[in-house]
Amino acid sequence: MKLTHKLLCVAIAIVLLPTTSFAIVDLGMYGGYTFAGKFDAPTISNADTNGWQYGFIGHLNGSVIPMILSMGIGGFYQKSPLSYTLAGKDFDLTKTMYGIDAIAMLELPILIHPYARAGIAINEKVELKYPGGSWSEEKKFNSYYFGLGAAFTVFPFVQVFGEYLYNYSKLEDDATLKSNSINIGARLNI
């Protein structure tokens, strides 16, 4: 299974490599709120999670169809300190991950640029703190996300963006963590 994930990442990288000589690097940071999350485990059923999150992204972009569609591949780092309440007790669940990120953006001749973004975590660490103890787990190629957004050019080389992301993590003992998030951020195109 791990080999399949690695091969999928390599295939995505090959497909998304710039197909023309034009390439641009973007670097960005974002913050947002995770809502409508669900934490399921054999002893926990549909615990509602929510909380703030932040992250960093960067891509090497290439123009696939000049002046219409650009695609990029790069990396991301994201930290999501979440919480949930179960049987009157509060639990803190922090998810930290980094990995490969891919983006496809329409380069419209107006200031709005819609895009789709997806990623897979190379490494993910989940830490759970609860009254009387704690638990943590670290896994490779075990989490992914995808979403839609729009970037707005505010100055040449500077964009602000808003996006929706769906995150999914498969944890040990058949536990899963699913979440929806809304992020806003800024990106510098060099």
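1. Order of elements. From the N terminus on, the elements of the protein run α-β-β-β-β-β-β-β-β-β. The secondary structure thus comprises 1 helix and 9 strands; helices (H or I, at least four residues) and strands (E, at least two) are DSSP runs, numbered from the N terminus.

2. Basis of the note. The model is predicted: local features need pLDDT of at least 70, side-chain atom pairs count only at pLDDT 80 or more, and totals for chains, interfaces and linings use all residues. Residues are numbered from 1 along each chain as its sequence is written, and side-chain values use heavy atoms, with hydrogens and water left out.

3. Of the 190 residues of the protein, 42% count as buried. Buried means under 20% relative accessible area, exposed over 50%, and partly exposed in between (1.4 Å probe, protein chains only). Among contacts (heavy atoms within 4.5 Å) between residues at least 6 apart in sequence, 60% join residues at least 24 apart.

4. Aromatic pair of Y33 and W52. The structure holds 10 aromatic pairs. Rings of Phe, Tyr and Trp (its six-membered ring) pair if their centres lie within 6.5 Å; planes under 30 degrees apart count as stacked, over 60 as edge-to-face and the rest as tilted. The ring centres of Y33 and W52 are 4.8 Å apart and the planes stand at 70°, so this pair is edge-to-face. Y33 belongs to strand 1 (residues 23-41) and W52 to strand 2 (residues 44-65), so the pair links distant parts of the chain, 19 residues apart. Y33 is partly exposed, at a relative accessible area of 31%, whereas W52 is exposed, at 61%.

5. Aromatic pair of Y115 and F161. Y115 and F161 also form an edge-to-face pair, with 6.5 Å from centre to centre and 75° between the planes. This pair likewise links distant parts of the chain: Y115 lies in strand 5 (residues 112-130) and F161 in strand 8 (residues 158-170), 46 residues apart. Y115 is buried, with 4% relative accessibility, and F161 is buried as well, with a relative accessible area of 3%.

6. R187 and the two rings. R187 lies over the face of Y115, at 5.4 Å from the ring centre. The charged end of R187 also sits over the ring of F161, 4.6 Å from its centre. A charge sits over a ring if NZ of Lys or CZ of Arg is within 6 Å of the ring centre and within 35 degrees of the ring normal.

7. Aromatic cluster. F39, Y84, F91 and Y130 form one aromatic cluster. Y130 is also one of the contacts of W135, together with V126, E127, L128 and E172, when neighbours of W135 within four places in sequence are left aside.

8. W135 lies in strand 6 (residues 133-140) and counts as partly exposed, at 26% relative accessibility. The C-alpha atoms of W135 and L93 are separated by 9.4 Å, and these residues are 42 apart along the chain. T94, in strand 4 (residues 89-106), is buried, with a relative accessible area of 16%. Apart from its neighbours within four places in sequence, T94 is in contact with K79, S80, P81, K125, V126 and E127.

9. On a 1 Å grid over the protein atoms alone, a cavity is a set of points where a 1.4 Å probe fits but cannot get out, and lining residues have an atom within 4 Å of a point. The lining consists of T34, Q53, Q78, S80, L82, K95, N167, L177 and S179. Strand 3 (69-86) and strand 9 (176-189) each supply at least two residues of this lining, and strand 3 gives the most, with 3 residues. By class, the lining has 2 nonpolar, 6 polar and 1 charged residues; Ala, Val, Leu, Ile, Met, Phe, Trp, Tyr, Cys and Pro count as nonpolar, Asp, Glu, Lys and Arg as charged, and the others, Gly among them, as polar.

10. Backbone points to check. Most residues other than glycine have a negative phi. A36, found in strand 1, has a positive phi of about 50° although it is not a glycine. F157 has a positive phi of about 75° and is not a glycine either. F157 is found in the loop between strand 7 (143-155) and strand 8, and counts as exposed, at 55% relative accessibility.

Key: On a 1 Å grid over the protein atoms alone, a cavity is a set of points where a 1.4 Å probe fits but cannot get out, and a pocket is an open set with protein on both sides within 12 Å along at least five of seven lines; lining residues have an atom within 4 Å of a point.
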